[in-house]
Amino acid sequence: ESLRLATEVAADVDVIYPAHDSVPLVPDDVRAIHDAYETVWTGRPPDGHDTLYGYRTADHEFGRFSFHLPPHDGSE
């Protein structure tokens, strides 16, 4: 929900300061992250698997950013 809201206001701001990672983001970054998230949400398979803080992750790479999500293969 937060990403959707940030995308809606992106045209009205110059920069966005996220809580972590690369800062600041420009509005085009927010739109790219939103589009990538939608791609993952609609079923794009992960690019690989790894662990983060001791938990197995499904990793989705998109160049300048990535998503580390719980895997959906029963290996949580």
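## Exercises on a predicted model

Tyrosine 53 is exposed, at a relative accessible area of 78% (exposed is over 50%, buried under 20%, partly exposed in between, with a 1.4 Å probe and protein chains only). Before we start: this is a predicted model, where local features need pLDDT of at least 70, side-chain atom pairs count only at pLDDT 80 or more, and totals for chains, interfaces and linings use all residues. Residues are numbered from 1 along each chain as its sequence is written, and side-chain values use heavy atoms, with hydrogens and water left out.

**Exercise 1.** Find where tyrosine 53 lies, and say what its phi is.

*Solution.* Start with the place: tyrosine 53 sits in the loop between S1 and S2 (strands are DSSP E runs of at least two residues, helices H or I runs of at least four, numbered from the N terminus). Next, the angle: its phi is positive, about 55°, although tyrosine 53 is not a glycine. Now the background: most residues other than glycine have a negative phi. Last, the setting: the hairpin of S1 and S2 has 2 residues between the strands.

**Exercise 2.** Work out how S1, S2 and S3 are paired.

*Solution.* Take S1 (residues 48-52) and S2: they run antiparallel and are joined by 5 bridges (two strands pair if DSSP finds at least two bridges between them). Two partners to look up: glycine 48 is opposite aspartate 59, and aspartate 50 has threonine 57 as its bridge partner. Then move on to S2 and S3, which are antiparallel too, with 4 bridges. Here aspartate 59 turns up again, standing opposite histidine 68 in S3. The hairpin of S2 and S3 has 4 residues between the strands, and glycine 63 takes a positive phi near 75° there.

**Exercise 3.** List the residues of the largest nonpolar core, and name the element that gives the most to it.

*Solution.* The core has 9 residues in all: Ala6, Ile16, Leu25, Val30, Ile33, Ala36, Val40, Phe65 and Phe67 (a nonpolar core is a set of buried Ala, Val, Leu, Ile, Met, Phe, Trp, Tyr and Cys residues joined through side-chain atoms within 4.5 Å). H2 is the top giver to this core, with 4 residues. Now zoom in on phenylalanine 65: leaving aside neighbours within four places in sequence, its contacts are Ala32, Ile33, Ala36 and His60 (contact means heavy atoms within 4.5 Å).

**Exercise 4.** Describe the largest pocket: its space, its lining and the elements behind that lining.

*Solution.* First, the space: about 700 Å³. A pocket is an open set of points on a 1 Å grid over the protein atoms alone, where a 1.4 Å probe fits, with protein on both sides within 12 Å along at least five of seven lines; lining residues have an atom within 4 Å of a point. Next, the lining: 21 residues, with Pro18, His20, Leu25, Ile33 and Phe67 nearest the centre. Then the elements: H1 (2-9), H2 (27-41) and S3 (66-69) each supply at least two lining residues, and H2 has the largest share, 5 residues.

**Exercise 5.** Find the residues that threonine 7 contacts beyond its sequence neighbours.

*Solution.* Threonine 7 lies in helix H1. Setting aside neighbours within four places in sequence, threonine 7 touches Val30, Arg31 and His34. As for valine 26, it is 19 residues from threonine 7 in sequence and 11 Å away in space, C-alpha to C-alpha.

Methods:
Points joined across faces, edges and corners; volume = space filled by probe spheres on them.
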